[in-house]
Amino acid sequence: MEDDSLDRALADIELLQAAYQDEVDFDAGGSSNDVPKFPLHATLRLDPTEGDDSMIVLEFVDGYPITSGVQIASYRSSNNKLRMDAATRALRQAADDCLADEMEGGFAC
């Protein structure tokens, strides 16, 4: 199952990076020999053009998206706590909805 799960997670992250080139950074997790392994992390920068270092780190683990959805590994808000609270709430809800439907959730989040 890990191979299929890993392929789906990598494809989801690739879509995120293609759509949001300046806002998404990817960490290949516990990779060895440049082969990505779980857990995978994608960092979403909320306002990179304004010098704001607010970010949310998404985590993808084995079982994604069938038994495990997108998770928030960490987040940081430098300017607006209310905006970050709203963003993390919306992200968690979207991730839960996608997991219930067993579909990729990175882009939906």
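The side chains of Lys 81 and Asp 85 meet in a salt bridge, 3.1 Å from N to O. The term covers a side-chain nitrogen of Lys or Arg within 4 Å of a carboxyl oxygen of Asp or Glu. Both residues lie in helix α2 (residues 81-100), 4 residues apart, about one turn of the helix. Helices (H or I, at least four residues) and strands (E, at least two) are DSSP runs, numbered from the N terminus. Lys 81 counts as exposed because its relative accessible area is 58%. The classes are buried under 20%, exposed over 50% and partly exposed in between, with a 1.4 Å probe and protein chains only.

This is a predicted model: local features need pLDDT of at least 70, side-chain atom pairs count only at pLDDT 80 or more, and totals for chains, interfaces and linings use all residues. Residues are numbered from 1 along each chain as its sequence is written, and side-chain values use heavy atoms, with hydrogens and water left out.

The whole structure holds 4 salt bridges. Side chains of opposite charge can pair when their charged atoms come close. Arg 45 pairs with Asp 25, with the closest N and O atoms 3.0 Å apart. Arg 45 sits in strand β2 (residues 40-45) and Asp 25 in strand β1 (residues 24-27), so this bridge ties together parts 20 residues apart in sequence. Arg 45 is partly exposed at 30% relative accessibility. Asp 25 is partly exposed too, at 35%.

Another bridge joins Asp 53 and Arg 76, at 3.7 Å from N to O. It links distant parts of the chain: Asp 53 is in the loop between β2 and β3 (55-60), Arg 76 is in strand β4 (residues 71-76), and they are 23 residues apart. Asp 53 is partly exposed at 36%. Arg 76 is partly exposed at 37%.

Next come the aromatic rings. Rings of Phe, Tyr and Trp (its six-membered ring) pair if their centres lie within 6.5 Å; planes under 30 degrees apart are stacked, over 60 edge-to-face and the rest tilted. The count by this rule is 1 aromatic pair. Phe 60 and Tyr 64 have ring centres 5.0 Å apart and planes at 80 degrees, so the pair is edge-to-face. Phe 60 is buried at 0% relative accessibility. Tyr 64 is buried at 2%.

Leu 15, Tyr 20 and Phe 107 make a nonpolar patch of about 310 Å². Leu 15 belongs to helix α1 (residues 2-19). Leu 15 counts as exposed, because its relative accessibility is 51%. Patch residues have over 30% relative accessible area and no salt bridge; like charges are joined within 9 Å, nonpolar side chains (Val, Leu, Ile, Met, Phe, Trp, Tyr) within 5 Å. Areas come from the Shrake-Rupley method with a 1.4 Å probe; for residues, only the protein chains shown count as cover.
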